[in-house]
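User: I am new to this structure and would like to learn how to read its features. Please take me through them step by step.

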Amino acid sequence: MKKNKLSPIIAGTMNWGIWDKNLSISEMESTLNVFIENKITTFDHADIYGSYTTEASFGKAFALSKIDRESLQFISKCGIQYVSENRNNTVKHYDYSKDYIIWSVENSLKNLQTDYLDVLLLHRPSPLMQADEIAEAVTKLKSEGKIIDFGVSNFTASQTELIRQKTEISYNQIQFSATNFEPMLDGSLDYMQINNIQPMSWNPLGTVFREDNEQTRRLKKLLVSLVSKYHFGADTLLLAWILQHPSKVIPVAGTVNVARIQQLMKATQLELEKEDWFAIWTESTGKKVP
């Protein structure tokens, strides 16, 4: 099965269901179409979203939309065993046994009403994960055409290398933003570039619009002047800052607001002047770069 290229920005579905926006099936279908109209064709899921309910709701919306599956890319994650009325778990834990990974993928396929995932990610690292067993599951799923690409999420460089020794890793979805910039300092993004692993970034706007503290106040003050200079919104500037990193990070945008969705791809057209890129980093840290 040929690999499908992911869109430059990914639509994150974590907030679509009962965990936040509680969109109806028809609202999900409408949101799906808005993203596609704005050239965002990749949708990021995880089995646990909405306490194991969001994938199935999205799948119903996708089926109603009649959109050609080949024009879209679906990502999903597995491995977190969440305490939920929909699972018989007494404590949150991780399961990366071969049987569980295969079962989880097949369950996601059923819920999403699709025959394959473009990308399967292991949701979070487990101290008990066995690379050989994971590799066996991935090999079987690929050979059966149930997944095209494989990757990890929230893995350090050494945790990624543990798995990469046994099976190819194409992606790592991490937290990376102007306020969570550690991956570009701790070797994570360097490692990904060396090993041809493409980063995805969840929460790409960081805490700028969520928290009021010295860091976010400094950034907001700078962003006012940059908005005036570039004639783009502050959120577009923050996405452009991520996109400018040479590791070719793909931001995962969690918004369902139509006006904001329509602005997302503008970040791909904007290149910040080098001093402005460093100014954002400087205001985030509150001191000159080393």
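Analyst: The second largest pocket has a lining of 16 residues, and those nearest its centre are Pro8, Gln198, Leu243, Lys248 and Ile250. This is a predicted model, in which local features need pLDDT of at least 70, side-chain atom pairs count only at pLDDT 80 or more, and totals for chains, interfaces and linings use all residues. Residues are numbered from 1 along each chain as its sequence is written, and side-chain values use heavy atoms, with hydrogens and water left out.

User: What counts as a pocket, and what as a cavity?

Analyst: On a 1 Å grid over the protein atoms alone, a cavity is a set of points where a 1.4 Å probe fits but cannot get out; a pocket is an open set with protein on both sides within 12 Å along at least five of seven lines, and lining residues have an atom within 4 Å of a point. Here the second largest pocket holds about 320 Å³ of space, a volume being the space filled by probe spheres set on the points, with grid points joined across faces, edges and corners.

User: How much space lies in the largest pocket?

Analyst: About 790 Å³. Its lining has 36 residues, and Met14, Asn15, Asn203, Arg210 and Gly254 are the closest to its centre.

User: Which residues line the largest cavity?

Analyst: Its lining consists of Asp235, Thr236, Leu239, Arg260, Gln263 and Leu264. H9 and H10 are the elements that give two or more residues to this lining; helices (H or I, at least four residues) and strands (E, at least two) are DSSP runs, numbered from the N terminus. The space in this cavity is about 30 Å³.

User: How do strands pair in a sheet?

Analyst: Strands of a sheet pair through backbone hydrogen bonds, either parallel or antiparallel. In this model eight strands close into a barrel in the order S1-S2-S3-S6-S7-S8-S9-S10, with parallel pairing (two strands pair if DSSP finds at least two bridges between them). Within it, strand S3 (residues 73-78) and strand S6 (residues 117-122) are joined by four bridges. Ser76 has Leu120 in S6 as its bridge partner.

User: At what angle do helices H8 and H9 cross?

Analyst: The axes of H8 (residues 214-230) and H9 (residues 234-243) cross at roughly 90 degrees and come within 9 Å. H8 is therefore roughly perpendicular to H9. Axes are lines fitted to C-alpha atoms, for helices over the stretch in contact, and angles run from 0 to 180 degrees between N-to-C directions; under 35 degrees is roughly parallel, over 145 roughly antiparallel, 65 to 115 roughly perpendicular and the rest oblique.
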